[in-house]
Structures are given as C-alpha cells and as structure tokens.
Amino acid sequence: MKTQFTFVTFLFFFPIYIFSQLQGKARIDSLSNVYQEQTAHEEKVATLRELFNVQLYNDHSIAKRHAEHILELSERYNYEKGIAIGNYCLGNYFFITAVNDSAIIYYNKVIDNAKKLSDKLLLTSSLLNLANIEDTLGNYDIALKLKDSVSEIYLRSENYFRYGIALGDAANTHINKGDYEKAMVGTLKALKVLDTIDKEPFRKADLYRQLGRINYFQGNYQKSINDFEEALEIYKSTADNLYQSYTLVDIGNIYVELDDYEGALFYYNKSKTISEEFEFIDNTANALANIGMVNTKQGKYDLAITNLLKSVEINRKQNSYFNIISAMGEIGNAYALNGEFKKSIYYLNQTVKLADSIDATDQLKMAISYRSKAHELNGNYAEALKDQRQFQIINDSLFSIEKTKQIEQMQIAFETEKKEASIALQEEEIKTLNERAKVDKLTKGLYAGGMASALALFGLSAFGYRQRIKKNRIAREKQEEILKKEIEHKQKELASQTLHLVQKNTFIQELMENLENVKNSPDKFKTEFRRIVMLLKKENASDKDWEVFKTYFAEVHNDFDQKLKTLSADISEKEIRLAAFLRMSLTTKEIAATLNVLPDSILKSKYRLKKKLGLDKETDLNGFLNSL
C-alpha cells in the first residue's frame, strides 16, 4: 500500500489556507476591531470576507456565520457585488466541508451574479471550483471542459499569468484521470507560460511538484525526486514553509517505495519539525502517520503505535475524520503484527464503524482487509473468511461504481461529438447558403446563357449534396448493423457469464459445507481448514468473474440501474444486483447459490425489493423488471 500522498489542488482560494495558518488569533482580532469601526456596507462586506477567509480553515462554523452575514447585509442594501461574494463564500464553505450538492448550488448562483456584474475573477473562480468538485466525484471529462473554458477566458483576456495556472490545474485533472502523458504535456506547457512571468514564483514550484507527482505515479522515482527538489528550492527561496513541509513528505513517500526506510524517516522528520515550528497542525499529523507506517514496515511496532496515536489525537482536534480512520486502521494493523490481537480487533472494529458511518468506502475496505489479516494471524479462520467475503463485496461495489463512471464519461464524450458534428453540419449549411447568395447576386448581371450555366452548376452542387447524404445514410446503417451484432454477442457472453457464476458459486457453497465437516475432525481441522481458506482467498483475489459479468450486463442493459434508481432513490447496490439476476431469469435457488445465502433470504429480499419499487401484490416482479 502506498503511503499517504499529500497534495493541494489549484483552487483559487487555496492561498487562503496559507494565509490563515500564518495569521491566527491576532489577525482575527484586528479584523474584528476594524469591522466594528466601519459604517459603509461595502467596507463591512470586504472585512467580513477577510474574516471568512481566515476562519475557513480554523473554525468552519464561524466561517459559515461570516458568509451568511455577508449575504444578509448585502441583500438588505441590495448590494449585488456583496450578494455574489456571500454566495461564493458559502460555496467555499460547503466545498471544504464536502457538502458538494450545496456547494454546486451556491457556485451556480455566483456564476449568474458574476455574468451580470462582468466580474471575471468571481466567474472563473466559481467555474474552477465546480470543476474541482467534478474532480472529486471522478467526473474528469466534465471537470476538464470547465477548466478549458476558464483557460479560454484568461487567454482571450490576455491574462497569461492566470492562463498558466489554469493550464496546470487542467493537467492535475489528467493526473487524477490516470492520463499521465497529457498531464505531463499540460504541466510543461503551464511551466513554459509562467517562466515568462516574474510573479508569484511559488506557482512554478507548484508545477514542479506536479511533475514530481506524475513521475511518482509512473514509477520514475529519481526524476520525481529531482522535480520535488526543484520545487523545494523555490519554496525555500520564498520562505513558503507550509509547502516545504508538504514537499518533504512527498520525497519521503518516494524513499518508502524504494524500501529506503531510513531515507523516508529523514524527510518525514524534517517535515514534522517545520510543521511543529510553524504550527501546521494538519501536516504534523500527516507526517506522524507516515512515520508510524514506516515504523511498522521496520518491525518497530511499539514506536509505530506511539506515533500513530499522536496523529489520531491531533486529527481528533481538527475533526479530520478520514485521517483518523486511516491512522486507526494502521494502529490495528501494527497491534496485529505485534501479536496483540485483542487490541488490534478493538481498533479495527472502531475503524470499520467510523468508516461505515461516513461512507468512507476506501478506508472501510482497508480496515476490513486488516481485520481479516488479524483474525488469520490469531487462528480465527472463520472470522477471517467472513471479513474476506465482505472485502470482496465492497471491492465489487467499487468496481461497479467505477465502471458506471466510465460509461457515463463515454456517453458524455459521445454526446459532445454529436453536438460538434451538428455544429459542423450547420456551419456547412450556412456556408452553402452564403455561396448560393453570392451566386444569386452575380447572376443579376449575367446574360441568360450565363444564368443557365449558374443554375447548372447549382444543380450539380445539389446533386453532390444529395449524394453525400445518401453516403452518410448507408454508412450509418452499416454502423447500426455492426452495433446490433455487438449487442447480440454481448447478450450471449452475459448469459454465459451468468451460468458460469452460478456454477462457480454452487461449487463454493459445496466447499463451505465440506469445511463444516472438517470441523468435526479435530486432528485434521487445523491444517486442512487453513489450507482451504487460503485457497478460497486466492480464488477470491484473482477471479474476475464478477467484474466480467458486470461489464457485460452494463453493456447490454446500460440504463437498467438508473431506471431502478429513478423508481426508488434509496435502492441499494445489493438490491440492484438482485434485480439484475432476476432480469437474467435466474431461479431463487441459483441466486442464493451465487450470493452464498439461503433461498429464504432471497425470497425476503425479493419481497423488500418489490415493496421498495412500489409494486402491488398482483404485479409480477420478474415481468416488471423485464419490461424496464
């Protein structure tokens, strides 16, 4: 498992974070005194905005009150700019607190306000923040379109400084998307633009750090170190201590990948020292967590637990739940490796509970994996197998979500191509009409013979246009035939995969029954049970049957799950899976074998699904699902 990779995206309000870290209570008190002395509502809004910026990373609830006060004050005096600022601050608050739906609503309000006010900074900042929300949701193509639109605005305005930053931000989305080639091209292009501008040199350092990330993810570790060191030098020259501490962690991560644990600890400890000196609390906790993970790799479990517990304590004060979950999971793992299984299970149970409560799926998967390993080391193979099954279910669910996102992105790309083709056709028609108008104008001064020639030429043009339409129609019909054959093929493959899943899971069910029989033979139990469990785990780890089934089902019935979600917004992934099997005409017994549950459980699940879909007693569930 790779170590935590700290990185701050290019949000336009990200300098606020540095500012708030460096200021603190003295700055807040000073601004509060200024606000009390001000009388003009425009001045009060400006001061409240600064107070919001300072408090956003210190105390979220106070920051929200400042944003609401800006909006209230501006609406009272019908101050349009202030209303836009208030909406923007609330958008930032909801984004930072990960309430994305609310953030999107407020950013869209700002975009409407900014267009009326011709305020390009608020417009582009809101567009970029919307793009970064799409980034976090995995909607990378939408994020890139938003970021490209911002780049165009800056380029047309000849604001090359912001244009360079926007290019780097788009390149960061390509990193998240896994397209490192485009990410590298975009980052180098951004660097080339900013190299010509003697302004805010830390921006170039950010881009060198981004190059370091790209090389890191591609396994080019020496190049990555060189890029990070280039960034580090600029951060040092500008006294940017916060990003020095971040970059030192980045370099430490590379040394972990190189299995050079002493080198990793050297950089992590340097980062921790700077963070403690300048009170960068979040990064202090992050450095401690990474130090703890390296201690675990070194077999220094007591030291690992000490550092990880310190990280948890700091993160609790900061309400950094994701970091708390990650650190607690590592504590549980360290206790297990140290043979302290009771403490290990306690921490891992707490981790699972917390991760499940905030829908932190990746952390939940990690914690269950660690817990399965702890049970296995303790000889509790039944619980280990139970956790391994749960891990596989979550893994399947994540795979399904990822596939859905990929399909959605493909659909967006397809719709975009259709729109672009439509625009191109319209432009061609406009061009044809313009040419025709020119011909009409010329013919007014021509003799009858010339007019006849012009008409003949136009007739040829029209004939050519009709021929082109005919050719396009034939090509489209061929494409439709190809797609029809592909769908038929996918349907056959889906049926084949369904049968294979049923056979495979029936085999597993029989194997589990054999395991129960082995329990009754104490002399064989320990060796045989461990061997069979390991074989099952290996099968679960390598088998792609579930993934193949989901892929084919999505391609044949690409909107089936969406129709179910439209009928019932709270339908679960398990219920969608059951509906898919019913759509494939599997019997209750076959579904039970596939899911490793009793047939009675499937009957109950079918009843709940029918109720959730709002179907009456007379309506046949299978018939209804087949009609979707």
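Throughout this tour, contact means heavy atoms within 4.5 Å. The model is a predicted one, in which local features need pLDDT of at least 70 and side-chain atom pairs count only at pLDDT 80 or more, while totals for chains, interfaces and linings use all residues. Residues are numbered from 1 along each chain as its sequence is written, and side-chain values use heavy atoms, with hydrogens and water left out.

**The whole protein**

Begin with everything displayed. The protein has 28 helices and 0 strands; helices (H or I, at least four residues) and strands (E, at least two) are DSSP runs, numbered from the N terminus. Of the 628 residues, 46% are buried, where buried means under 20% relative accessible area, exposed over 50% and partly exposed in between (1.4 Å probe, protein chains only). Among contacts between residues at least 6 apart in sequence, 60% join residues at least 24 apart.

**Helices α10 and α11**

Next, select residues 180-194, which form α10, and residues 202-217, which form α11. These two helices pack at an angle of about 160°, and their axes are 10 Å apart. Axes are lines fitted to C-alpha atoms, for helices over the stretch in contact, and angles run from 0 to 180 degrees between N-to-C directions. The pair α10 and α11 is therefore roughly antiparallel, the term for angles over 145 degrees. Their crossing is left-handed, that is, the near helix is turned anticlockwise from the far one by less than a right angle.

Show the side chains where the two helices meet. On the α10 side, the residues include Tyr-180, Met-184, Leu-188 and Leu-191; on the α11 side, they include Arg-203, Leu-207, Leu-211 and Phe-217. The residues of this contact divide into 12 nonpolar, 3 polar and 2 charged. Here Ala, Val, Leu, Ile, Met, Phe, Trp, Tyr, Cys and Pro count as nonpolar, Asp, Glu, Lys and Arg as charged, and the others, Gly among them, as polar.

Now select Glu-200, in the loop between α10 and α11. Its phi is positive, near 45°. Most residues other than glycine have a negative phi. Glu-200 is partly exposed, with a relative accessible area of 28%.

Move to Asp-259, in the loop between α13 and α14. Asp-259 also has a positive phi, of about 60°, and is exposed, at a relative accessible area of 55%.

Then select α14, residues 261-277.

Which residues does Lys-272 contact, leaving aside its neighbours within four places in sequence? They are Thr-284, Ala-287, Leu-288 and Ile-291. Lys-272 lies in α14 and is buried, with a relative accessible area of 18%. After α14 comes Glu-279, with a positive phi near 60°.

**Helix α17**

Finally, select residues 321-337, which form α17. This helix reaches 24 Å from its first C-alpha to its last, close to the 24 Å expected. α17 is mostly covered, with 13 of its 17 residues buried. Gly-339 follows α17 and has a positive phi, near 80°.

Technical notes: Parallel < 35°, antiparallel > 145°, perpendicular 65-115°, else oblique. Expected span 1.5 Å × (residues − 1).
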